[in-house]
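I set out to record a few look-ups in one structure. The entries follow the order in which I made them.

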Amino acid sequence: MQHRVRSVNDLAAFVVPTEDERAAIVALADRFRFVITPYYASLMDPEDPACPIRRQVVPRLAELDDPAGLADPLDEVAHSPVKNVVRVYADRIAFCVNNECALYCRYCLRKRMVGEPEWAMKQRELEAALAWIRATPAIRDVLLTGGDPLVFSDDKLGWLLAELRAIPHVELIRLGTRLPVTLPFRVTDALCALLERHHPIWVNTHFNHPKELTADAAEACDRLTRAGCPVGNQSVLLAGINDDVATMKALCEGLVRMRVRPYYCYQAQLLEGTAHFRVPIERGLELFRALRGRTSGFAIPLYVLDTPYGKVPLVHPYVRGREGDDVVVESFDGRLWREHNPR
Ligand code: SF4
């Protein structure tokens, strides 16, 4: 963390920065933090500015050109009963315990808050959020997110997990973390032993491209699964990074080989500075339709659009409709089948 890339000069140790990248790092300095771990930077192609790793984390001038983009497209601030607790569903919350990440993804949904000091959680604010959870018996599932909860020290994370575990109605704790992808060495034996003491803990991480599936990342996921944490992956559909069938298939099959379940693939939100990442929903539907029947079913994540009203599955309409006592369905390769299904 101390040796992270923070400037054009630091970046030049890993890649040959383009004029666009150099200008964007300066022009966007006040808008969204630029930091990359040396590990993740080492995955970047030094010569190719279109490298899918590089595009995720190095600023581009295109970020200045997005008239439709919003700061908070999911209206999360309006869904917060207390600071940094987002409640969209009755029984579960996203608890943004931290405003820091190991690096900052240029398409981050929470770019309004991550890396911004005003969104840091002071101890008394964490305690206020815990008090709200304690006083709200409907909450059975708590997602610790941010930022990234694994940026916390083991001591601080251990305190938080113990506080949550002492609340009888909190059945499930989830960790949303990108550190297995961006700083896999954070997943130490000591961290895994800590998580094991507070089960059930489910982990969702965030791989977007097969280049991220390194031996170090696989080891981090293996340590988590051996510690009894089911590990899922939530990717984002990103133009020019993973929006073609071959790349998405390689990502999903690689994840499954690492025993990481592809869970969701998010449609990129209408978020400020991200027009160059967005893929039309119709193309996303075609992409996931093309995977169906061509790889293991559990290797295909659910393609979803998050909205202020909750997640909406984006699925090709395989059920074509009713004809008398039959329901007509479409197979993965486009053939129609009439299933006798009287009402
Ligand atoms: S790791 Fe997650 S929260 Fe942090 S910048 Fe990336 S997408 Fe945002």
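How many residues of the lining of the largest pocket are nonpolar, polar and charged? I worked from a predicted model, in which local features need pLDDT of at least 70, side-chain atom pairs count only at pLDDT 80 or more, and totals for chains, interfaces and linings use all residues. Residues are numbered from 1 along each chain as its sequence is written, and side-chain values use heavy atoms, with hydrogens and water left out. I found 23 nonpolar, 15 polar and 9 charged residues in the lining. Here Ala, Val, Leu, Ile, Met, Phe, Trp, Tyr, Cys and Pro count as nonpolar, Asp, Glu, Lys and Arg as charged, and the others, Gly among them, as polar.

I noted a volume of about 1,200 Å³ for the largest pocket. A pocket is an open set of points on a 1 Å grid over the protein atoms alone, where a 1.4 Å probe fits, with protein on both sides within 12 Å along at least five of seven lines; lining residues have an atom within 4 Å of a point. Of the 47 lining residues, Leu109, Arg110, Thr145, Gln234 and Tyr266 lie nearest the centre. Strand 7 gives the largest share of the lining, 4 residues. Strands are DSSP runs of E, at least two residues long, and helices are runs of H or I, at least four long, numbered from the N terminus.

I looked up the buried residues (under 20% relative accessible area, 1.4 Å probe, protein chains only). In helix 8 (residues 189–196) they are Leu191, Cys192, Leu194 and Leu195. They lie on the same side of helix 8 because they cover an arc of only 155° around the axis, taken from the directions from the helix axis to the C-beta atoms. The buried residues pack against helix 6, strand 4, strand 5 and helix 9.

I located Asn84 in the loop between helix 4 and strand 1. Asn84 is buried, with a relative accessible area of 4%. Its side chain reaches the backbone oxygen of Trp119 at 3.2 Å. Leaving out residues up to four places away in sequence, Asn84 touches (heavy atoms within 4.5 Å) Ala94, Phe95, Cys96, Met113, Trp119 and Met121.

I placed Asp333 in the loop between strand 11 and strand 12. Asp333 and Leu144 are 40 Å apart in space, C-alpha to C-alpha.

Definitions and conventions: Buried means under 20% relative accessible area, exposed over 50%, partly exposed in between (1.4 Å probe, protein chains only). Grid points are joined across faces, edges and corners, and a volume is the space filled by probe spheres set on the points. A polar contact is a pair of N or O atoms within 3.5 Å; within protein, one must be able to donate a hydrogen and the other to accept it, and residues adjacent in sequence count only if both atoms are side-chain atoms.
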